[in-house]
Amino acid sequence: MKDYVNDEDGETSCIENTEAELREFETDKPKLVVCPLGLKLGAIGKGWDGAPAVTCDTWFPRISRKMNTIGFVLLHEYTHWETLMSPVMLPAFQKKATLDEAIGPWKVRQLTRHQATWNADSYAWLAQEIWWTQTCRGTHGPLEEPEEKDN
Ligand SMILES: [Zn+2]
(Lines give C-alpha, C1' and ligand atoms only; values in the text may rest on other atoms or scores of the structure.)
Protein backbone atom coordinates (compact mmCIF):
# COMPACT_ATOMS: atom_id res chain seq x y z
CA MET A 1 0.00 0.00 0.00
CA LYS A 2 1.19 3.52 -0.74
CA ASP A 3 0.74 4.93 2.75
CA TYR A 4 -1.20 4.15 5.87
CA VAL A 5 -3.31 6.60 7.78
CA ASN A 6 -4.23 5.70 11.34
CA ASP A 7 -7.99 6.27 11.72
CA GLU A 8 -7.61 7.29 15.36
CA ASP A 9 -4.85 9.91 15.18
CA GLY A 10 -4.34 10.56 11.47
CA GLU A 11 -0.71 9.49 11.70
CA THR A 12 0.90 8.30 8.45
CA SER A 13 3.78 5.87 7.93
CA CYS A 14 6.00 7.59 5.37
CA ILE A 15 7.62 10.32 7.46
CA GLU A 16 11.27 11.41 7.79
CA ASN A 17 13.64 8.50 7.02
CA THR A 18 11.04 5.72 6.94
CA GLU A 19 11.64 3.22 4.12
CA ALA A 20 8.76 0.92 5.04
CA GLU A 21 6.50 0.06 7.94
CA LEU A 22 4.35 -2.87 8.98
CA ARG A 23 1.01 -1.73 10.40
CA GLU A 24 -1.58 -3.91 12.13
CA PHE A 25 1.28 -6.33 12.89
CA GLU A 26 -0.78 -7.98 15.65
CA THR A 27 -3.35 -9.27 13.13
CA ASP A 28 -3.26 -12.07 10.56
CA LYS A 29 -3.52 -9.46 7.78
CA PRO A 30 -0.87 -6.80 8.46
CA LYS A 31 -0.49 -3.80 6.16
CA LEU A 32 2.98 -3.47 4.66
CA VAL A 33 3.66 0.12 3.60
CA VAL A 34 6.64 0.64 1.28
CA CYS A 35 7.52 4.35 1.30
CA PRO A 36 9.11 6.33 -1.58
CA LEU A 37 12.48 6.13 0.22
CA GLY A 38 12.24 2.33 0.28
CA LEU A 39 11.41 2.21 -3.41
CA LYS A 40 14.73 3.93 -4.13
CA LEU A 41 16.51 0.75 -3.01
CA GLY A 42 17.24 -1.70 -5.80
CA ALA A 43 17.24 -5.46 -5.59
CA ILE A 44 20.11 -7.94 -5.68
CA GLY A 45 21.51 -7.60 -9.20
CA LYS A 46 18.39 -5.82 -10.43
CA GLY A 47 17.43 -2.17 -10.55
CA TRP A 48 14.57 -0.10 -11.95
CA ASP A 49 13.79 3.55 -12.61
CA GLY A 50 15.28 5.49 -9.69
CA ALA A 51 16.64 2.37 -7.95
CA PRO A 52 20.07 1.09 -8.99
CA ALA A 53 20.86 -2.63 -8.90
CA VAL A 54 22.88 -3.74 -5.88
CA THR A 55 25.87 -5.96 -6.64
CA CYS A 56 29.22 -6.78 -5.02
CA ASP A 57 30.73 -4.01 -7.16
CA THR A 58 28.41 -1.30 -5.76
CA TRP A 59 29.44 -1.58 -2.09
CA PHE A 60 32.44 -3.90 -1.62
CA PRO A 61 34.53 -4.34 0.57
CA ARG A 62 33.05 -2.95 3.82
CA ILE A 63 29.69 -3.94 5.27
CA SER A 64 27.47 -0.85 5.14
CA ARG A 65 24.02 0.46 4.33
CA LYS A 66 25.18 0.61 0.70
CA MET A 67 24.42 -3.12 0.45
CA ASN A 68 20.76 -2.63 1.43
CA THR A 69 18.08 -3.82 -0.97
CA ILE A 70 14.31 -3.66 -0.99
CA GLY A 71 14.38 -7.33 0.03
CA PHE A 72 16.37 -6.44 3.14
CA VAL A 73 13.75 -3.85 4.09
CA LEU A 74 10.89 -6.32 3.59
CA LEU A 75 12.62 -8.95 5.73
CA HIS A 76 13.11 -6.38 8.50
CA GLU A 77 9.43 -5.43 8.38
CA TYR A 78 8.14 -8.99 8.42
CA THR A 79 10.04 -9.74 11.64
CA HIS A 80 7.59 -7.29 13.27
CA TRP A 81 4.68 -9.57 12.33
CA GLU A 82 3.40 -11.43 15.39
CA THR A 83 1.87 -14.35 13.47
CA LEU A 84 5.22 -15.05 11.82
CA MET A 85 7.53 -14.47 14.76
CA SER A 86 5.65 -15.54 17.90
CA PRO A 87 6.64 -19.24 17.53
CA VAL A 88 10.35 -18.37 17.60
CA MET A 89 10.49 -15.51 20.12
CA LEU A 90 12.05 -16.37 23.49
CA PRO A 91 9.38 -16.69 26.25
CA ALA A 92 11.42 -14.48 28.60
CA PHE A 93 11.07 -11.58 26.16
CA GLN A 94 7.27 -11.56 26.59
CA LYS A 95 6.73 -10.04 23.13
CA LYS A 96 5.31 -11.73 20.07
CA ALA A 97 7.52 -10.07 17.46
CA THR A 98 10.65 -7.94 17.11
CA LEU A 99 11.17 -4.32 18.12
CA ASP A 100 13.54 -1.67 16.75
CA GLU A 101 16.22 -1.64 19.42
CA ALA A 102 19.08 -0.76 17.03
CA ILE A 103 19.17 0.02 13.32
CA GLY A 104 22.12 -0.36 10.95
CA PRO A 105 25.11 -2.67 10.55
CA TRP A 106 27.30 -1.01 13.17
CA LYS A 107 24.61 -0.44 15.80
CA VAL A 108 23.30 -4.01 15.70
CA ARG A 109 26.82 -5.17 16.57
CA GLN A 110 26.73 -3.08 19.75
CA LEU A 111 23.81 -5.12 21.15
CA THR A 112 24.22 -8.08 23.47
CA ARG A 113 23.18 -11.46 22.06
CA HIS A 114 20.10 -11.30 24.27
CA GLN A 115 19.09 -7.87 22.92
CA ALA A 116 19.68 -9.03 19.35
CA THR A 117 17.04 -11.77 19.71
CA TRP A 118 14.25 -9.18 19.74
CA ASN A 119 15.80 -6.63 17.38
CA ALA A 120 14.36 -6.57 13.86
CA ASP A 121 17.48 -5.29 12.13
CA SER A 122 19.62 -8.03 13.71
CA TYR A 123 17.66 -10.65 11.75
CA ALA A 124 17.81 -8.61 8.54
CA TRP A 125 21.56 -7.93 8.85
CA LEU A 126 22.31 -11.57 9.61
CA ALA A 127 20.54 -12.68 6.45
CA GLN A 128 22.02 -9.88 4.38
CA GLU A 129 25.60 -10.52 5.49
CA ILE A 130 25.32 -14.25 4.88
CA TRP A 131 23.99 -13.57 1.39
CA TRP A 132 26.66 -11.03 0.41
CA THR A 133 29.46 -13.09 1.95
CA GLN A 134 28.42 -16.13 -0.07
CA THR A 135 27.88 -14.06 -3.21
CA CYS A 136 31.02 -11.88 -3.18
CA ARG A 137 33.71 -13.80 -1.33
CA GLY A 138 34.71 -15.94 -4.30
CA THR A 139 35.19 -13.02 -6.70
CA HIS A 140 35.98 -10.11 -4.36
CA GLY A 141 37.38 -11.60 -1.14
CA PRO A 142 36.33 -11.33 2.52
CA LEU A 143 34.04 -8.56 3.73
CA GLU A 144 35.29 -5.93 6.16
CA GLU A 145 33.59 -5.09 9.46
CA PRO A 146 31.33 -2.00 9.39
CA GLU A 147 32.45 1.23 11.01
CA GLU A 148 30.16 3.64 12.86
CA LYS A 149 29.92 5.88 9.79
CA ASP A 150 28.52 2.94 7.78
CA ASN A 151 25.42 2.77 9.91
ZN1 LIG B 1 11.43 -1.95 12.30
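Trainee: Does Asn6 count as buried or exposed?

Mentor: This is a predicted model, in which local features need pLDDT of at least 70, side-chain atom pairs count only at pLDDT 80 or more, and totals for chains, interfaces and linings use all residues. Residues are numbered from 1 along each chain as its sequence is written. With C-beta atoms placed from the backbone, a residue is buried if 20 or more other C-beta atoms lie within 10 Å of its own, exposed if 12 or fewer, and partly exposed in between. Asn6 has 10 C-beta neighbours inside 10 Å, and therefore counts as exposed.

Trainee: How far apart are the C-alpha atoms of Asn6 and Arg23?

Mentor: Asn6 is placed in the segment before β1, where strands (E, at least two residues) and helices (H or I, at least four residues) are DSSP runs numbered from the N terminus. Along the chain, Asn6 and Arg23 are 17 residues apart.

Trainee: At what angle do helix α3 and helix α7 pack?

Mentor: Two packed helices are described by the angle between their axes and the distance between the axes. The axes are lines fitted to C-alpha atoms, for helices over the stretch in contact, and the angles run from 0 to 180 degrees between N-to-C directions. For α3 (residues 70–78) and α7 (residues 120–140), the axes are 8 Å apart and the angle is about 140°.

Trainee: Which word describes how α3 lies relative to α7?

Mentor: Angles under 35 degrees count as roughly parallel, over 145 as roughly antiparallel, 65 to 115 as roughly perpendicular and the rest as oblique. The angle between α3 and α7 is about 140°. That makes the arrangement of α3 relative to α7 oblique.

Trainee: Is the crossing of α3 and α7 left-handed or right-handed?

Mentor: A crossing is left-handed if the near helix is turned anticlockwise from the far one by less than a right angle, and right-handed if clockwise. For α3 and α7, the crossing is right-handed.

Trainee: Which residues in α3 meet α7?

Mentor: Two residues are in contact if their C-beta atoms, placed from the backbone, lie within 7 Å. On the α7 side the contact involves Ala120, Asp121, Tyr123, Ala124, Ala127 and Gln128. On the α3 side the residues are Phe72, Leu75 and His76.

Trainee: How many nonpolar residues has the contact of α3 with α7?

Mentor: Ala, Val, Leu, Ile, Met, Phe, Trp, Tyr, Cys and Pro count as nonpolar, Asp, Glu, Lys and Arg as charged, and the others, Gly among them, as polar. The contact of α3 with α7 has two polar residues and one charged residue, while its nonpolar residues number six.

Trainee: Which residues of α3 are buried?

Mentor: The buried residues of this helix pack against β1 (20–23), β2 (31–34), α1 (36–39), α4 (82–85) and α7. Leu74 also lies in α3, but it counts as partly exposed because it has 17 C-beta neighbours inside 10 Å. The buried ones are Ile70, Phe72, Val73, His76, Glu77 and Tyr78.

Trainee: How far apart are Glu82 and Phe25, C-alpha to C-alpha?

Mentor: Glu82 lies in helix α4 and is partly exposed, with 17 other C-beta atoms within 10 Å. Leaving aside its neighbours within four places in sequence, Glu82 is in contact with Phe25, Glu26, Lys96 and Ala97. Although 57 residues separate Glu82 and Phe25 in sequence, their C-alpha distance is 6.1 Å.

Trainee: What value is phi of Gln94 near?

Mentor: Gln94 lies in the loop between α4 and α5 (105–108), and is exposed, with 8 other C-beta atoms within 10 Å. Its phi is positive, in a residue other than glycine, and is near 60°.
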